[in-house]
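Open the model in your viewer and keep the selection panel at hand. The stops below go from one site to the next.

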Amino acid sequence: MKGMKIEMSENMYANSEDTEFYTRNHMLGKGTSGTNRDSKTGSRCCMLTAVCLGVLCAVLLVALSLLWFKLNTEIDQLQTSCEAKEKNLGMLSQLDGWRYFRSSFYYVSTEKKTWNEARQHCRERGADLVIINSEEEQKFIAENMGIAWIGLTDMDSEGVWKWVDGSSLTTGYWGSGEPNSKGDEDCVVTGYKSTNVKSWNDYYCNNVEVCICERKINWI
Ligand code: 2F8
Ligand code: CA
């Protein structure tokens, strides 16, 4: 008897859970197969999201490709126009004695002057004595110009070589045994008795020599 009672009450609970499930789904309009429909709706949602993502990726890919193509075309055009400008500058500079090399114009004076006078001569032409920043630049100068003043001096502090813009010397192209000043050779010439790249000599500033002026181009 006691066992039957327990069974009956369990059935009652089971029935009441069924009723609750039916009522809830009925009210929601799902009927008894709601779980099935939920999963169908869910997978449709997933598919839609996947399609949307796919379309988005494709659009992005096309946009990036177009942008890449446009940038490359513009870079090519700029390069061509820069090359043409450089060529024109090279040709123009030869007309009035200035020579063009890697964003600078160079000019060798015809008159011989002391280092200070030479610097003044360059400045009057919107330039200054040459500052040599690379081996390529030194090679260009060594190949095209003879012995001449450059914009390097230790007149402010013996043995401390400074360029005319105040920057320190990092790489020097000194000739063999140079610099050898005992305090009286504070200015520098290039091409001293040599056409080698390494041809600098520290020299008396009051000697008279031709000079190399450099005028940098500001492209901006
Ligand atoms: O006139 C100064 C000049 O004299 C010599 O060159 C001829 C020195 N060279 C050597 O001692 C190798 C230069 O250093 C010096 O500046
Ligand atoms: Ca010397």
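Donors here are N, O and S atoms within 3.2 Å of the metal when that metal is Ca, and water is not among the atoms, so a site may look incomplete. Keep in mind that this is a predicted model.

**Stop 1: the calcium ion.** Select ligand 2, the calcium ion, and show its protein donors: Glu 178 (OE), Asn 180 (OD1), Glu 185 (OE), Asn 201 (OD1), and Asp 202 through both O and OD. These atoms lie 2.3 to 2.6 Å from the ion. Read along the chain, the donors have the spacing E-x1-N-x4-E-x15-N-D. Now highlight Glu 178 and Asn 201, a pair that links distant parts of the chain, 23 residues apart. Glu 178 sits in the loop between β5 (162-163) and β6 (187-190), while Asn 201 belongs to strand β7 (residues 201-203). Are these two residues buried or exposed? Both Glu 178 and Asn 201 are buried.

**Stop 2: ligand 1.** Select ligand 1 and display what surrounds it: Glu 178, Asn 180, Glu 185, Tyr 192, Lys 193, Asn 201, Asp 202, Tyr 203 and Tyr 204. Several distances can be checked here. From an oxygen atom of ligand 1 to a polar side-chain atom of Glu 178 is 2.5 Å. A side-chain N or O atom of Tyr 192 is 3.4 Å from an oxygen atom of the ligand. With Asp 202, a backbone N or O atom is involved, 3.1 Å from an oxygen atom of ligand 1. On its own, ligand 1 exposes 400 Å², of which the protein buries 55%.

**Stop 3: the nonpolar core.** Next, turn to the largest nonpolar core, which has 37 residues. Select Tyr 106, Ile 132, Ile 141, Trp 149, Ile 150, Leu 152 and Trp 200, the residues with the most contacts inside this core. Colour by element: β1 (99-101), β2 (104-108), α3 (115-123), α4 (135-144), β4 (148-153), β6 and β8 (212-216) each supply at least two core residues. Which of them gives the most? Strand β4 does, with 4 residues. Centre on Ile 150 and, leaving aside residues up to four places away in sequence, find Trp 115, Leu 129, Val 130, Ile 132, Trp 163, Val 188, Thr 190 and Trp 200 touching it.

**Stop 4: Lys 113.** Finally, select Lys 113 in the loop between β2 and α3. Lys 113 counts as buried because its relative accessibility is 16%, and buried means under 20%. Beyond residues up to four places away in sequence, Lys 113 touches Ala 118, His 121, Trp 149, Asn 207, Val 208 and Glu 209.

Key
Residues are numbered from 1 along each chain as its sequence is written. Chains are lettered from A and ligands numbered from 1 in the order in which they are written. This is a predicted model: local features need pLDDT of at least 70, side-chain atom pairs count only at pLDDT 80 or more; totals for chains, interfaces and linings use all residues. Side-chain values use heavy atoms; hydrogens and water are left out. Donors are N, O and S atoms within 2.8 Å of the metal (3.2 Å for Na, K and Ca); water is not among the atoms, so sites may look incomplete. Buried means under 20% relative accessible area, exposed over 50%, partly exposed in between (1.4 Å probe, protein chains only). A nonpolar core is a set of buried Ala, Val, Leu, Ile, Met, Phe, Trp, Tyr and Cys residues joined through side-chain atoms within 4.5 Å. Contact means heavy atoms within 4.5 Å. A residue is near a molecule or strand if one of its heavy atoms lies within 4 Å of it. A polar contact is a pair of N or O atoms within 3.5 Å; within protein, one must be able to donate a hydrogen and the other to accept it, and residues adjacent in sequence count only if both atoms are side-chain atoms. Accessible areas come from the Shrake-Rupley method with a 1.4 Å probe; for residues, only the protein chains shown count as cover.
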